[in-house]
Amino acid sequence: MRQHLRHEAGSAAAPAVPLAPAVSDPADLEREAGLARLFELHYSSMLRLAVLLGADDPENVVAEAYYQIYRKWRRLRDAEAAEAYLRSTVCNLTRMRIRHLQVARKHVEKPAQVEVVASAESTALLHDDQRVLIDALQQLPARQREALVLRHWLGLKESEIAAAMGISCGSVKTHTARGLAALTQAMEARR
């Protein structure tokens, strides 16, 4: 018997083990394919959105947004709604992250004068002439910044912005108008 085991172990190559478990449920196959399409089509735009909204770690924000949509995929009424859900999740996660950092900074005994260093992805996304605009955009209140980015960068309609931000269409108009006024004033002051 020992000879038989040695012979099998020495002569046969170990079969290749798949890296991921086999997915056999059609719903799981649909989810995997849908998320792969969503990632290919929208990852870079979601990363830019997180950067423009002021996320300090946009890659993790977007990764968390994809994880959340992965978990809730079966509850989506329409696969076409996945992009809007993803965009809304990126906005919410960025907002939560900024609030968390503000609270954490308040509880630090001696706040250090730390210069914020942009990630390589953030730097690659921006040209020199855009940095002035981004700096002015970062000085706006969060809701105004979100409304402007969603409207003018993503080109969303007021109803889509309202859904992404979780506010009314009237509030979107207010935040957009106030944001544009503040941004214009900040840009003129830098000249």
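Tutor: Begin with a cut-off: a residue counts as buried when its relative accessible area is under 20%, as exposed when that area is over 50%, and as partly exposed in between. The part to look at is Ser 88, which sits in helix α4. Its relative accessibility is 14%, so Ser 88 counts as buried.

Before going further, note that this is a predicted model. The mean pLDDT over the protein chain is 79, and 76% of the residues reach at least 70. Where pLDDT is low, the predicted coordinates should not be read in detail.

Back to Ser 88. Leaving out residues up to four places away in sequence, Ser 88 touches Ala 163 and Ala 164. Ser 88 can also be placed relative to Ala 65: the two are 23 residues apart in sequence, and their C-alpha atoms are 8.9 Å apart in space.

Arg 97 has a relative accessible area of 31%, so it is partly exposed, whereas Ser 88 is buried. Along the chain, Arg 97 and Gly 54 are 43 residues apart, and 9.5 Å separates their C-alpha atoms.

Now turn to helix α8, where Met 165 is found. Met 165 has a relative accessible area of 3%, and so it is buried. Apart from neighbours within four places in sequence, Met 165 is in contact with Arg 95, Arg 143, Glu 146, Ala 147 and Leu 150. Met 165 and Asn 92 are 73 residues apart in sequence, yet their C-alpha atoms are 7.4 Å apart.

Helix α8 also packs against helix α9: their axes come within 8 Å and cross at roughly 95°. That angle makes α8 roughly perpendicular to α9. On the α8 side the contact uses Glu 158, Ser 159, Ile 161 and Ala 162, and on the α9 side Cys 169, Val 172 and Lys 173.

Next comes the nonpolar core. The largest one has 36 residues, and those touching the most other members are Leu 38, Leu 49, Ile 69, Leu 137 and Leu 150. Two or more residues of this core come from each of α2 (26-53), α3, α4 (82-106), α6 (128-138), α7 (142-153), α8 (158-165) and α9 (169-190). The most come from α2, which gives eight. Leu 150, one of the residues touching the most other core members, is also among the contacts of Met 165. Leu 49 is in contact with Leu 150 too, and its other contacts beyond four places in sequence are Arg 87, Val 90, Cys 91, Val 149, Trp 153 and Leu 154.

With α7 its angle is about 145°, and the axes are 9 Å apart. The crossing of α2 and α7 is right-handed. Here Ser 45, Arg 48, Leu 49, Leu 52 and Leu 53 of α2 meet Arg 145, Glu 146, Val 149, Leu 150 and Trp 153 of α7.

With α3, the angle of α2 is about 150° and the axes are 10 Å apart. The two helices are therefore roughly antiparallel to each other, and their crossing is right-handed as well. Among the residues of α2 that meet α3 are Leu 38, Phe 39 and Met 46, and among those on the α3 side are Val 62, Tyr 66 and Ile 69.

Last, the whole chain around this part. The protein chain has nine helices and zero strands. Of its 191 residues, 31% count as buried, and Ser 88 is one that counts as buried. Among contacts with a separation of 6 or more, 69% are between residues 24 or more positions apart.

Methods: Residues are numbered from 1 along each chain as its sequence is written. This is a predicted model: local features need pLDDT of at least 70, side-chain atom pairs count only at pLDDT 80 or more; totals for chains, interfaces and linings use all residues. Side-chain values use heavy atoms; hydrogens and water are left out. pLDDT is the predictor's confidence in each residue, from 0 to 100. A nonpolar core is a set of buried Ala, Val, Leu, Ile, Met, Phe, Trp, Tyr and Cys residues joined through side-chain atoms within 4.5 Å. Buried means under 20% relative accessible area, exposed over 50%, partly exposed in between (1.4 Å probe, protein chains only). Helices (H or I, at least four residues) and strands (E, at least two) are DSSP runs, numbered from the N terminus. Contact means heavy atoms within 4.5 Å. Axes are lines fitted to C-alpha atoms, for helices over the stretch in contact, and angles run from 0 to 180 degrees between N-to-C directions. Angles under 35 degrees count as roughly parallel, over 145 as roughly antiparallel, 65 to 115 as roughly perpendicular and the rest as oblique. A crossing is left-handed if the near helix is turned anticlockwise from the far one by less than a right angle, and right-handed if clockwise.
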